[in-house]
Amino acid sequence: MRDTSIQKALSKTPMTVTRSLLFNIAFFTWTTVCCFGLLWMLLLPRRQMVHVVEWYLRTVYFLERAILGLDYEVRGLENVPRNGSYILAAKHQSAWETMKLHLLIDDPAIILKRELLFLPIWGWYAAKARMIAVDRSARGRAIGSMIEGAARVKSEGRPIVIFPQGTRTAVGRYLPYRVGVAVLYKELDLPIVPMALNSGVYWGRRSFRKRSGRVLVEFLPPIEPGLGRDAALAELETRLEAATDRLVVEAGGPPTEKPAKQVPQGAPAAVP
């Protein structure tokens with residue numbers, strides 16, 4: 001789905017381009033300094049290391065506000081459980097939300113590709129933080145390893161973060177929801193808290209340009225345990241897509257183009 005003409009015009013203004021250039025230089029320079037300068041924290045207990053990571057993420061947030069003029073607003077915090085584990089099913093529109101999860105909720109365990117653990121330095125931090133790494137190439141075994149890792153996180157009382165579409169999805173584009181989140185819901189008997197956002201309007205997927213403004217993040221009421229797997233997945237998609245479209249449109253972005261429903265062969269067409 002292409003950006004609207006308004007978004008394109010805003011993203012190409014000289015101020016936006018200049019701010020984006022300055023931010024990218026500052027962000028990558030500062031991140032490189034921190035990656036090497038904070039290697040010592042790998043010797044700390046895991047929870048203390050996570051606190052240092054949270055400090056780094058707050059400094060990135062400062063750069064976003066100071067250089068880009070980009071802030072964020074959180075809605076629906078009353079829907080986030082205060083104690084114990086739960087599944088946070090989050091939209092994934094850009095890198096922005098991956099750098100805010102530790103600031104939005106306490107000590108999350110993010111489900112990610114196993115290959116990321118082999119990245120120099122970054123992978124060491126992810127492994128130390130005890131994220132849930134899944135080997136996608138293992139096919140059937142991938143679900144089993146995901147359940148095993150999530151069960152460990154549940155026993156620690158930490159939230160489990162999953163991106164139900166499996167990848168970053170540009171605003172306005174539709175991707176189907178994968179069954180993994182519903183499998184965790186049934187196997188772990190945990191509530192799903194949907195998290196909608198509109199970060200992709202300001203910080204595009206794999207985009208150099210970032211816009212000023214206010215990202216909206218909204219936690220929706222939990223989907224409590226008790227539904228069947230298919231019913232839970234359908235409920236999550238319905239709620240999360242509707243809330244995301246509302247936030248995206250509020251920021252001037254395009255609503256998602258849903259695929260046309262297929263009419264079974266031989267069935268009569270709907271009459272308007």
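Helices (H or I, at least four residues) and strands (E, at least two) are DSSP runs, numbered from the N terminus. This is a predicted model, in which local features need pLDDT of at least 70 and side-chain atom pairs count only at pLDDT 80 or more, while totals for chains, interfaces and linings use all residues. Residues are numbered from 1 along each chain as its sequence is written, and side-chain values use heavy atoms, with hydrogens and water left out.

- Asp189 is not a glycine, yet its phi is positive, at about 55 degrees.
- This residue comes just after helix 7.
- Is Asp189 buried or exposed? Its relative accessibility is 52%, so Asp189 counts as exposed; the cut-offs are under 20% relative accessible area for buried, over 50% for exposed, and partly exposed in between (1.4 Å probe, protein chains only).
- Asp107 also has a positive phi, near 50 degrees, and is a residue other than glycine.
- You can find Asp107 in the loop between helix 4 (101–104) and strand 3 (109–113).
- With 5% relative accessibility, Asp107 counts as buried.

**Helix 7**

- Helix 7 covers residues 180–188, and because seven of its nine residues are buried, it is largely enclosed by the rest of the structure.
- The buried residues of helix 7 are Gly180, Val181, Ala182, Val183, Leu184, Tyr185 and Leu188.

**The whole protein**

- Nine helices and seven strands make up the secondary structure.
- Of the 272 residues in the protein, 47% are buried.
- Take the contacts (heavy atoms within 4.5 Å) with a separation of 6 or more: 74% of them join residues 24 or more positions apart.
- The accessible surface is about 13,900 Å², and 59% of it belongs to carbon and sulfur atoms; such areas come from the Shrake-Rupley method with a 1.4 Å probe, and for residues only the protein chains shown count as cover.

**How the strands pair**

- Two strands pair if DSSP finds at least two bridges between them.
- In a regular strand the side chains alternate between the two faces of the sheet.
- Strand 2 (residues 87–90) has Ile87 and Ala89 pointing one way and Leu88 and Ala90 the other way, and all are buried.
- Strand 2 runs parallel to strand 5 (residues 160–162), joined by three bridges, and Leu88 stands opposite Val161 in strand 5.
- Strand 2 also pairs with strand 6 (residues 192–197) in the parallel sense, over four bridges.
- Which residue of strand 6 is the bridge partner of Ala89? That partner is Pro194.
- Strand 3 is largely enclosed by the rest of the structure, because four of its five residues are buried.
- Strand 3 and strand 5 run parallel and are joined by two bridges, with Ala109 partnered by Ile160 in strand 5.
- Strand 3 and strand 4 (residues 132–134) run parallel too, with three bridges, and the bridge partner of Ile111 in strand 4 is Ile132.

- Trp203 lies in the loop between helix 8 (199–202) and strand 7 (213–219).
- Trp203 is buried, with a relative accessible area of 6%.
- Setting aside neighbours within four places in sequence, Trp203 is in contact with Phe23, Glu64, Leu70, Ser94, Ala95, Trp96, Met99 and Lys210.
- Trp203 and Ser20 are 183 residues apart along the chain, and their C-alpha atoms are separated by 9.9 Å.
- Leu21 belongs to helix 2 (residues 14–37) and, at 44% relative accessibility, counts as partly exposed.

**A cavity inside**

- The structure holds one cavity of 30 Å³ or more; on a 1 Å grid over the protein atoms alone, a cavity is a set of points where a 1.4 Å probe fits but cannot get out, and lining residues have an atom within 4 Å of a point.
- Among the 13 residues that line the largest cavity, the closest to its centre are Gln93, Ala170, Val171, Gly172 and Thr256.
- The largest cavity has a volume of about 60 Å³, where volume is the space filled by probe spheres set on the points, and grid points are joined across faces, edges and corners.

Technical notes
1 Å grid on protein atoms, 1.4 Å probe; cavity = no way out; pocket = protein on both sides within 12 Å on 5 of 7 lines; lining within 4 Å.
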